[in-house]
Amino acid sequence: MGTRTAHESAEKHVTGAATYIDDMLAPANTLHAYVGLSTIARGRISAMDLAKVREAPGVVDVLTRDDIPGHRDIGPVFPGDPLLIAVGDEVEFHGQVLFCVAAESYEEARRAAQLAQVSYEELPAILSIAEGLEAESFVRPAHTQQRGDLKKGFLNAERSLQGRLEIGGQEQMYLEGQVSLCVPEEDGGMLVYSSTQNPTEGQKLVAEVLNVPMHKVTIDARRMGGAFGGKETHANQWACLAAIQASRTGRAVKLRLARAEDMRATGKRHHFLSEYKVGFDDTGRIHALDLMLAGGCGMSPDLSDAIVDRAMFHSDNAYFIETMKVVGHRVKTNTVSNTAFRGFGGPQGMVAIEDILDAVARASGEDPLTVRKRNLYSEEGERNVTHYGQTVDTRVLPVLIDRLEHSSDYWQRREQVRAFNTQSTILKRGLALTPVKFGISFTVKHLNQAGALIHVYTDGSIQINHGGTEMGQGLYTKVAQIVAHELQVDVDTIRCTATRTDKVPNTSPTAASSGSDLNGMAALAAARTIRERLEAFASEHFDVARTAIVFTRNHVLIGDQEMPFPELVELAYMNRVQLSATGYYRTPKIHYDRQAASGRPFYYYANGAAVSEVVVDTLTGEYRVERVDICHDVGRSLNPAIDIGQIEGGFVQGMGWLTSEELAWDDRGRLLTTGPATYKIPAIGDTPAIFNVELLPDSPNAEETVFRSKAVGEPPLMLAISVWSALRDAVASLADYKLHPPLDPPATPERVLLACEAVRSEAQAIPSESDEH
Amino acid sequence: MIRFLHGFEEVSISEARSDTTVLSYLRNQRNLKGTKEGCASGDCGACTVVTTRQVAGELRYEPVNACIATLGSLHGKQLISVEQLSEERPHPVQQAMIDAHGSQCGFCTPGFVMSLFALYQRRLSINGVGQESGESKDTGDHLVHEALGGNLCRCTGYRPIVDAAHQALSYDGRDCFEMAERETMQKLALIEAEDSSSLGLSCEDTRYLRPRNAQEVALLLQEFPEARLIAGGTDLLLEHTQLLRPLPFLIDLKAVPELAHLEVDQTHLRIGAAVTHTDAQKPLTDEYPELQELIERFGSTQIRSQGTVVGNIANASPIGDWPPVMIALGASLVLQSAHSTRELPIGDYFLDYKKTALAPGEFIRELKIPRRIPGLFLRAYKISKRYEDDISSVCAVFALTLDEQQISQVTIGFGGMAAIPTRAFEVEKCLQGAQLSPELIDDAAKLLKREFTPISDARASARYRSTVAANLLRRLAVELADEQPTRTHPVVLACAHG
């Protein structure tokens, strides 16, 4: 435990031997399915002529809405996501699936899908959050969290500011696109290989669309080539379509989306609009905040309720705000339904509050770090309860920030940056430290449970299976380490097998950073059961006390004798001891009263902070991230190599979201950025030249998590807010740090240049005036 | 028939569709699934394979995007896909990736491994000028970034991959490919020597032709006007992989030895139609070291090893990076048809959006770039959303000579500012003969904004394009005066590596 064990598939990854769904040996005569997509954002389908599709070479089956045997809506939580739509139905976004065609080859299916002739009666479309708010177009009702009396709060504050921020969305851009392979089985069964984070939900929806009980459907998910939330619910549609066509044709069917269709037809991170009024004093301490967050949900609810909630839960980030009201709107637009993406709304809420912190710092004339520290949650004066009533353990973040402040040399570098900026007129440097406090647990309570299954075979080799899916985050590796530690055997005696709904049923999605917290505990419970059975057996068989039995280094000490683990296993089998066990876990202590908007939705918080330094070219808006220092709290690390990988990878992904990754649509709602040629995720040179990452030492989780570790999947993404803040710091230098540069993320070079121009012209307009608002 | 080595095994194929990609060949025909499709457009590198060919008595290992490389392009080469790297044990580059925790989801990993393998094969020449002679970490990182800039990873944040690259570069053993180099070269030479038929591939009424000389190309074009010319194919293949259009009749210019010429004579650099960006890099930067950065940021290593300089001009995209360079340098094109050969100043080649002065039956035989003139001050600026492997929002190339502070000669080429790559005549007129001063630059910048009306698209808005183009003129002025640093990324001048 706690070792830098390599990813269980590392050797398979590098040799090309790791099998993804499109790499599997498909059964003979497998068909290939492809989808036809709508070409308008909103309107009624007046005619759909599929004759040419049916007649195209290689075509075997064309599936339309009326051919669906069971449910036609695959909305995961609420209805609103039609599997297919037909004449008379309303198209709700550009790229919505109309029909599905199965052909002998992938190319034939794709070509046939282009041949449909569809006419529409176009209707006016809502394409932006602002239009949606104006029209009161929502997918779900708003939710409000409030503490204290805002009026009083603003009266207590000496000063106030108002502002607005548009926060861009983000494409998951998993390298492996959406894919499913469905194989019909006897009894009307269906075996579905799906690149999914959510096997059980896939199973349920496939069963529903096929109109069969869930026990007829098995989902198998060995690994994904990246997911990042994009395969939590948006993997379902492709599994459902392929399953129906497999059922209709009696042949295996594979559906794999090409990149452009993947980007058009599947959801992204929600873009958000934030509007605020903040009250603060001259020292930069915030007293009151009135915040509106509006998430652009696209055409259906999908997971948006929970996503906007999580944005609200993180709109305090690490700061105590005495009087606070946050309203979260779920805006419906005629765009693809937005979905989960690492952080699940949390990053958007956090960007909103960090924007406010920077604005307050500029207005109060203090260094942004001073203002941030002044507002942190602390024990002092009982400033340790969030606006939704959860008490914050304040022992971690202040220590962590202090440590980082020193290790990164923040204050000395602040001086250097200021000195540089007075000398240099074209290039400007910026520096920022931003913290992260991220709540761990699904805010949908029932999802906080997990199961595991362990088999010990008579040669001592072990198979484990659990409800979590492997998308690269190293979950299988961590769970194997946990079981190896519990049974004191080498990790290479353990094999993690594909996540399957017929092995461990009723699982939660691998999401919310919960993978190892939940499945690790379930696997630990199963391993403990096995160990206890072996102990009980050995105690009785060898007549020694239970306390005299010790598992250690592939052996078991039984009183005076030492027996290799496989030998004891074999002996136990001969004596009819069960060597297979299930394990189960549910997270304790959590609750949230939505009516009162109060409770403890999170088992604990994961913490971190980052210092980023950038250099900006104020003539072109180009910039470079020169140095990043991170200190992050993973509790007691299960695997430092994997954890650091999550931190670095999350950081760079977050940096992409806030800098170069810009989604663009035309004025009719057609996505323009449909591939990596136009949608720019960070490349290798974007990784900071100096990149120091430290795990906060000696900081076990105060809660009883698996080996006192902490979740690490999502929180580090938000460390990248420091890059965005540093960019604004650089731009703010153009007006001697007196103005808060308008820089809506993503801060592309274009937007950075616009911000430079805005700050320059505002500084000229009011050269000597102070920062009153 | 085409012949190539797949690993060490010789393969002959005559029946295949002309538009079969290397990726499709590997995955669908050979059932080798290690090479992945991430985007099918040459932008992510997940499908990277390595091809080798003989150059000046040495084997050159080049990474290529298998998704947009034709099967026909493999003739006379050795194809190495990820399956062939490891023998009993992982290859040193694979081991380095394991040791450095360089993979997470693993889907991009085989592509990274292959790009690393191509870099690894250059380690002796790199180390020769590199670490042992005190190469800094920055320079080492720069090499790694250049080699891996065309491979996207969504999981790791790249730091462990950079570490793996450094580990692989320091390996001092020899792998099985190095051990077999002499034999490989002999086999490839044999294929070359025995090459006789110009029909490369045919199947289902499709043809992939490999003519042996330029006149044959001209005659084929005359006889089959529907045929498409292919050199690197890095742009052409997108019609096939993205728009699903068949490419049933291809004429491969890279098969023509006389189009692969790369000469420097008294007056010109002459770059044949089949010369890749990679091959043109050294002669171009020897003459014009200021182009180093632009070349390194041109597509990716994969694209540069496959695509050609002339191809980037021929397709007349308004956002190609070579046209503005060649406009500024006063280059010309030699056009050939069955009956005639003519020379055209490059500015006259671009008529309208993707419309050129090429007559039916004509093709570009070569690009002629004038030798450097004394006193030339040259700058090539590329503005894009991402520094590496991105298409320019604006590409601006300034070529001028100064007499004291007077601008005696100036040519300016722009990409991304109009429907075609364009020369900034009005701005040139304003600058020509004038004394350098802040006022002059302001006037020229204003004029520039008037001279062009760029469009807004997914890459940049019209407003940004106009503003940044004008500001690049200001950057030029600052660099002329050498007043202060102007660049966020270290400016790399051409040096001996590579």
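**View 1. Strand β7 of chain B and its parallel partner in the predicted model.** In this predicted model, β7(B) runs parallel to strand β9 (residues 249-252) of chain B, and three bridges join the two. Within this pairing, B:Tyr208 has B:Leu250 of β9(B) as its bridge partner.

**View 2. The hairpin of β6 and β7 in chain B.** Strand β6 (residues 199-203) and strand β7 (residues 206-209) of chain B run antiparallel and are joined by four bridges, with B:Leu199 having B:Leu209 of β7(B) as its bridge partner. Two residues lie between the strands of this hairpin, in which B:Glu204 adopts a positive phi near 45°.

**View 3. An open, five-stranded sheet in chain B.** The strands of this sheet follow the order β10-β11-β16-β12-β13 and pair in the antiparallel sense. Its edges are formed by β10 (262-264) and β13 (341-345) of chain B, each of which pairs on one side only. On average, and with direction ignored, neighbouring strands of the sheet are turned by 20° against each other. The pairing of strand β12 (residues 332-336) of chain B with β13(B) is antiparallel and extends over five bridges, and here B:Gln336 is found opposite B:Thr341 of β13(B).

**View 4. The largest nonpolar core.** This core comprises 349 residues, and A:Val101, A:Ala243 and A:Leu727 are those with the most contacts inside it. Helix α10 (residues 346-364) of chain A supplies the largest share of the core, namely 10 residues. In soluble globular proteins, nonpolar side chains tend to be buried together.

**View 5. The surroundings of A:Leu727.** When neighbours within four places in sequence are left aside, A:Leu727 is in contact with A:Gly430, A:Val614, A:Val616, A:Tyr623, A:Leu743, A:Ala747 and A:Val752. A second, separate core contains 40 residues, including A:Ala450, A:Ile462, A:Ala526 and A:Ile549.

View 6. Chain A contains 19 helices and 29 strands, and its C-alpha atoms fill a box of roughly 85 × 80 × 50 Å along the principal axes. The radius of gyration of chain A is 27 Å, which agrees with the value near 28 Å that a compact globule of 773 residues would have. Of the 773 residues in this chain, 62% count as buried. Among the contacts in chain A that link residues at least 6 apart in sequence, 79% join residues at least 24 apart.

Technical notes:
Residues are numbered from 1 along each chain as its sequence is written. Chains are lettered from A and ligands numbered from 1 in the order in which they are written. This is a predicted model: local features need pLDDT of at least 70, side-chain atom pairs count only at pLDDT 80 or more; totals for chains, interfaces and linings use all residues. A nonpolar core is a set of buried Ala, Val, Leu, Ile, Met, Phe, Trp, Tyr and Cys residues joined through C-beta atoms within 7 Å. A residue is buried if 20 or more other C-beta atoms lie within 10 Å of its own, exposed if 12 or fewer, and partly exposed in between; C-beta atoms are placed from the backbone. Two residues are in contact if their C-beta atoms, placed from the backbone, lie within 7 Å. Two strands pair if DSSP finds at least two bridges between them. Axes are lines fitted to C-alpha atoms, for helices over the stretch in contact, and angles run from 0 to 180 degrees between N-to-C directions. The radius of gyration is taken over C-alpha atoms; the globule rule is 2.2 Å times the number of residues to the power 0.38.
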